[in-house]
Amino acid sequence: MTETAAQTMAEDNITLKVSNVSKRFGDFSAVEDLSFNVKAGRVFGFLGPNGAGKTTTIRMIVGITIPDEGEISLYGSRISQEVRDRIGYLPEERGLYKKMKVNDQLRYFAALKGVSQKEADKRIDFWLDRMKLSEWKLKKTTDLSKGMSQKLQFISTVLHEPDLLILDEPFSGLDPVNVEFMKEVIAEIKSQDKTIIFSTHLMDTAEKLCDDIILLNKSRKVISGSLREIKESYGKNVISLRCKGGDNVLEDPEIVSNVISHADVKEVFLAEAADSQKLLERLVTSGAVITKFELIEPSLNDIFIEKVSN
Amino acid sequence: MQKFFAVLKREYKKVVFTWTFVITTLLLPLIAALSFVLPMLIFTIEGDSTRIAVADPTGKIYERLRDNLSSEKIMERAKKAAEDSLKNIDPSQEAQLKRASEQLGGNFTFVEYNAAGKDPEQIKNELNARVTAKQLDAYLLIPNDLDGKDAEIELYSRKAGDFIVNSTLEDAVNSAVRSQRLADANISEEALNLLSRKVGFVKKSITETGKEKEDATSPWAGFIVALLIYVVLLVYGQSIMSAIVEEKETKISEILFSSARPFELLMGKLVGVGLAGLTQLSIWIVSVLVLLAFGLASLVASGIEIEMPYITPPMIVYFFIFFLLGYFIYATIYALIGSMVTNMQEGSQFALPPVLVLMLGLYFCFAVVRDPNSTLAFWVSIAPFFAPIVMPVRILAEIPPFWQIALAIILNIVTILGLTWVASRVYRVGMLMYGKRATIPEVWKWIRHS
């Protein structure tokens, strides 16, 4: 197999390709030179603090706005009407017509995505049943609770059976039971070989759901790749530490790059060119009393805080 | 296109399938129908016959009066009056006239009374006693000398306020006395009718193209049309604005914009709501036309004089064309405002200028009705923003040359194209701007850059 052929095969596997994209609003730069790929059949975590540029990027992907620079391609072609119909987008800002009946509302959103009414009716019945909303079919949307309208909004996102699902903070406003329920539904959709982009600032949720991630901060990419690999790369230089004293050692930038304090343990990120043995030695000689010293794989949350606070 | 129709369908159904729409659509024809039917109803209620005695010492008037108050004679007179105002009467209208006349004729029961040789005081005493005893409702006192200069016929009645009975009686008595005088002078009634026949007076105006035209339109039809257009444009414009503000407030626009092009969404909304307006207006126009055809005859028969507006099919076509032009102009302006503001309160502040322009158009209509060929009438009836409300009024008052109508249509279509071009740009950006109202310089930037 030649190198170009291998490359083509890899390209085939890519659902979304974002290349050197920038977007500015006046003097404010919302997204700066952003590039990443989303692979087919994976759950892709789109992570970052509020205001990092997540929603702006998503809006460019779904074709609501156009990048100032760079290119976005979906299934190998530029964003067009046909390609857009393959996306299901659940925006962070949820919106439903309050006075419309649940059934009519879903029919309308399906029609906007080009689904025939007959087909839509079948899928509406299936999904309302799946989401336990069947008895609300002929009720007005105003009568629904917040959690129920969230679920209704989700149905409207998947009715046209999109190949790419973009979910912006899909669990906000849901109670824990419904969060678990929605995770189940998302896993089910993933098992049908669909690609899911999952945008959130909740790291522990992302950690449980995502295969790949990108971390944005202040309009730029901070880190990206497979969640497994990223965590492994941190696995050699994070220590879970419980000790008394030794504060001056932990403040030494030559050995320690960052410390995140939890209730009774600290997570210590080693500086580059430092190793755990050296840290242990320094702590012992400084007279610190060590009750726990363990090399660990950091949580995504810790990586996030470490990267964002730097 | 498929998405455009999806939007169109939703917007149409959203307006038409509501109680407000059904009620307002049916209310207008209902009011119109009532204004025709009510006079007829009142007639039926007042069908209580008036018992009347005629004290006629001369013995010459009574028979003629009685004859004049028969339904045939009343019908004859009503028909003549109706012919004057309606031009031609169809069978159903004639039947209505007949019914109304029979009702009127049956209003009188004659009570025999012999007045020969009695002096007026004695007659009055006798008849007053019968009125007090409720055997009689009214009586006519006819003087001995009818031809005297001060001859007066007196009506004494328990119901002196019943104007319909009074006027019918007065007509009949006058006509009876006149016939008697003619007979005394040896002139036959036929000869008199021939001699005293009215000469026709037809008003014809000369149009600007030099053609003559029968001027038969009364101004009220023009005002009603102007008012109707004014109200419908305002109501539907405002509803477009509130729909757009709702989509912005509830952030639905985000989903909509990820599914369809903003232009499709905007046009689907404008056309959908426009069709709903057209539906309502068509129902109104058709029902008013039907009512005019059937109801006018009964009004005339009841003695209410009304002039039939002169309406031709092309006028109705023009009316719909100009309504649509006006709708797209004002709905687009309201859509533009809706995409700039963040809530309805802000929206209604911005909505004032278009309302003022529409009101100005309404005032221009008065000038146009008075003189449809003036320079002012020409300019305001072709001008963008004004033409949709002024031109239909002018057409009703007097059809202007075709090139002026065509010019008005073209100018307003160009205006609509310009407005939609601007509105679709503002809509695209404005709908995604949350939390803050757009300033005019910002909007200007959106228009230029997108």
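**Entry 1: one residue**

I started at B:Ile413, which lies in helix H17 of chain B. Helices (H or I, at least four residues) and strands (E, at least two) are DSSP runs, numbered from the N terminus. I noted that this is a predicted model, in which local features need pLDDT of at least 70, side-chain atom pairs count only at pLDDT 80 or more, and totals for chains, interfaces and linings use all residues. Residues are numbered from 1 along each chain as its sequence is written, while chains are lettered from A and ligands numbered from 1 in the order in which they are written.

The cut-offs: a residue is buried if 20 or more other C-beta atoms lie within 10 Å of its own, exposed if 12 or fewer, and partly exposed in between, with C-beta atoms placed from the backbone.

I then looked up B:Gly326. B:Ile413 and B:Gly326 are 87 residues apart in sequence. In space, their C-alpha atoms are 9.7 Å apart.

**Entry 2: H12 against H17, chain B**

Two packed helices are described by the angle between their axes and the distance between the axes. I looked up both for helix H12 (residues 313-340) and helix H17 (residues 402-430) of chain B: the axes come within 9 Å and cross at roughly 20°. Axes are lines fitted to C-alpha atoms, for helices over the stretch in contact, and angles run from 0 to 180 degrees between N-to-C directions. H12(B) and H17(B) are therefore roughly parallel to each other. Angles under 35 degrees count as roughly parallel, over 145 as roughly antiparallel, 65 to 115 as roughly perpendicular and the rest as oblique.

H12(B) passes H17(B) in a left-handed crossing. That word means the near helix is turned anticlockwise from the far one by less than a right angle; clockwise is right-handed.

Which residues make the contact? From H12(B) I listed several, including B:Tyr318, B:Leu325, B:Phe328 and B:Met340. From H17(B) they include B:Ile405, B:Asn412, B:Leu419 and B:Tyr427. Two residues are in contact if their C-beta atoms, placed from the backbone, lie within 7 Å. This contact divides into 17 nonpolar, six polar and no charged residues. Ala, Val, Leu, Ile, Met, Phe, Trp, Tyr, Cys and Pro count as nonpolar, Asp, Glu, Lys and Arg as charged, and the others, Gly among them, as polar.

**Entry 3: H16 against H17, chain B**

Helix H16 (residues 387-397) of chain B packs on H17(B) at about 165°, with the axes 11 Å apart. H16(B) and H17(B) are therefore roughly antiparallel to each other. Their crossing is left-handed. B:Ala387, B:Pro388 and B:Met391 of H16(B) meet B:Ile405, B:Ala408, B:Leu411 and B:Asn412 of H17(B). I sorted these residues into six nonpolar, one polar and no charged.

**Entry 4: the sheet in chain B**

Four strands of chain B form an open sheet with mixed pairing, in the order S2-S1-S3-S4. Two strands pair if DSSP finds at least two bridges between them. The edge strands are S2 (108-111) and S4 (154-157) of chain B, and each pairs on one side only. The twist averages 25° from one strand to the next.

I checked one pair. Strand S1 (residues 50-55) and strand S3 (residues 138-141) of chain B run parallel, joined by four bridges. B:Ala55 has B:Leu141 in S3(B) as its bridge partner.

**Entry 5: strands in chain A**

Strand S11 (residues 238-244) of chain A pairs with strand S13 (residues 266-270) of chain A in the antiparallel sense, over four bridges.

**Entry 6: where the chains touch**

How many residues does each chain bring to the contact? Chain A gives 17 and chain B gives 15. On the side of chain A, helix H4 (residues 102-112) supplies the largest share, four residues. The chain A side divides into ten nonpolar, three polar and four charged residues.

**Entry 7: whole chains**

Chain A has twelve helices and 14 strands. Its C-alpha atoms fill a box of roughly 75 × 50 × 45 Å along the principal axes. Of its 310 residues, 36% count as buried.

Chain B has 18 helices and six strands. Of its 450 residues, 35% count as buried.
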